[in-house]
Amino acid sequence: MSEGAQNPYRIYRTTWILLLIITVMMLAAEALHMPRWFLVAFLVSFMFVKATMIAGNFMHLRHEHRRLVITVGVGILVTSAILLAYITPESASVFEKTLR
Amino acid sequence: MSSHAATLDAHWDGGVSPFGATWQKTMMWIFIVTDGLLFGGLLSGYGYLRMAGTVPWPRQSEVFSIPFIALMTFILITSSMTMGTAVTAARLGDRKKALNNLIFTIVGGACFLGCQAYEWTQIIHEGARLTGALPGSELAVLGVPVHFPATFFVLTGFHGSHVLSGLVILIITAIRSAMAKTPAQGVEMAGLYWHFVDLVWVFIFTLFYLL
């Protein structure tokens, strides 16, 4: 018998505990005044870990059909990547023009 | 059947349910994706204003109480856990457990909204307005950029309005569950929306309050 069949609620408690641990780690990293590059990489990485855990375990996306997972994941990630790709150089350009 | 239709049939293996989900769940996911894009746009706008601005962004701990924001995060994550439990209980036919957990989730959501109202009140007292910091106010003395209060109000306001609408949906679902009028799928749909609200907070918490 699978673990999920023995206690179907365990996955929520486990995910909840892991999310809290990650949140505490993120808060600690911010409070400890880590170098900026490290803080950005650390926080953004764990932000995506938390998002994946919520979508996968709480929203049951990991049990859904592959087509649904791809549609949802690619839809959001590609659009966000396009936005970021346009915004980053544009904002840098505006920043430099304002300073001149 | 025409040869064209026969060719299409030969390549189409999605049957009547290509996503392997009911139409309600498929539509809910499509809604979540579009709503996610709304927040993607808002967060991108925030990123643009912050990166393009020449006035440095303030250190968040100087403006907000980070332990208080951490408490709000704890409340929302906990409410997501109880919501997940309610969805599984409803699917297994345990109505009492489903209802109890729905009520816990509603209480968590209400606490989160209360915390947000308190936070808004505090920052408005410190001089934050949608158009910038009031001259001579605490925030103006800190030298926050003009876009700082605006991005705060827009991001947390949109998220808070989602929490509020999620609460209304949860209250209706709980009442209907108590009357045995909501099928397990109804609880699951409400749950998907609630988890989405939690998911959006993960991004706002990291990108706006911590970075």
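Reader: Which residues touch the most other members of the largest nonpolar core?

Author: This is a predicted model, in which local features need pLDDT of at least 70 and side-chain atom pairs count only at pLDDT 80 or more, while totals for chains, interfaces and linings use all residues. Residues are numbered from 1 along each chain as its sequence is written, and chains are lettered from A and ligands numbered from 1 in the order in which they are written. A nonpolar core is a set of buried Ala, Val, Leu, Ile, Met, Phe, Trp, Tyr and Cys residues joined through C-beta atoms within 7 Å; a residue is buried if 20 or more other C-beta atoms lie within 10 Å of its own, exposed if 12 or fewer, and partly exposed in between, with C-beta atoms placed from the backbone. Of the 61 residues in the largest such core, the ones touching the most other members are B:Ala86 and B:Val200.

Reader: Which helix gives the most residues to this core?

Author: Helices here are DSSP runs of H or I with at least four residues, strands are runs of E with at least two, and both are numbered from the N terminus. H2 and H3 of chain A each supply at least two residues of the core, and so do H2 (23–52), H4 (66–91), H5 (95–125), H7 (147–178) and H8 (184–210) of chain B. The most, 18 residues, come from H8(B).

Reader: Which residues does B:Ala86 contact, leaving aside its neighbours within four places in sequence?

Author: Two residues are in contact if their C-beta atoms, placed from the backbone, lie within 7 Å. With those neighbours left aside, the contacts of B:Ala86 are B:Ala98, B:Asn101, B:Leu102, B:Thr105, B:Val187 and B:Gly191.

Reader: How many residues of chain A are in contact with chain B, and how many does H4(A) give to that side?

Author: The contact joins 38 residues of chain A to 37 residues of chain B. On the chain A side, H2 (10–31), H3 (36–58) and H4 (66–99) each supply at least two residues. The helix that gives the most is H4(A), with 16 residues.

Reader: How do the residues on that side of chain A divide into nonpolar, polar and charged?

Author: Ala, Val, Leu, Ile, Met, Phe, Trp, Tyr, Cys and Pro count as nonpolar, Asp, Glu, Lys and Arg as charged, and the others, Gly among them, as polar. On the side of chain A that touches chain B, the division is 26 nonpolar, 7 polar and 5 charged.

Reader: Why is chain A said to be more spread out than a compact globule?

Author: Chain A has 4 helices and 0 strands, and its C-alpha atoms fill a box of roughly 65 × 40 × 15 Å along the principal axes. The radius of gyration is taken over C-alpha atoms, and the globule rule is 2.2 Å times the number of residues to the power 0.38. For 100 residues that rule gives 13 Å, and chain A is more spread out than a compact globule because its radius of gyration is well over this, at 19 Å.

Reader: How far apart do the C-alpha centres of the two domains of chain A lie?

Author: The bounds come from an automatic or database domain assignment. That assignment gives domain 1 (1–62) and domain 2 (64–100). Their C-alpha centres are separated by 23 Å.

Reader: Which residues does A:Phe46 touch, not counting residues up to four places away in sequence?

Author: A:Phe46 is in helix H3 of chain A and counts as partly exposed, because it has 18 C-beta neighbours inside 10 Å. A:Phe46 and A:Ile22 are 24 residues apart in sequence and 7.1 Å apart from C-alpha to C-alpha. The residues that A:Phe46 touches are A:Ile22, A:Met25 and A:Met26.

Reader: Is A:His33 buried or exposed?

Author: A:His33 lies in the loop between H2 and H3 of chain A. It is not a glycine, yet its phi is positive, about 55 degrees. With 9 C-beta neighbours inside 10 Å, A:His33 counts as exposed.

Reader: Which residue with a positive phi follows H7(B)?

Author: H7(B) has 32 residues and reaches 46 Å from its first C-alpha to its last, close to the expected 46 Å, where the expected span is 1.5 Å times one less than the number of residues. The residue that follows H7(B), with a phi near 55 degrees, is B:Ala180.

Reader: What share of chain B is buried?

Author: Chain B contains 8 helices and 2 strands. Its radius of gyration is 22 Å, well over the 17 Å of the globule rule for 211 residues, so chain B is more spread out than a compact globule. Of those 211 residues, the buried share is 38%.
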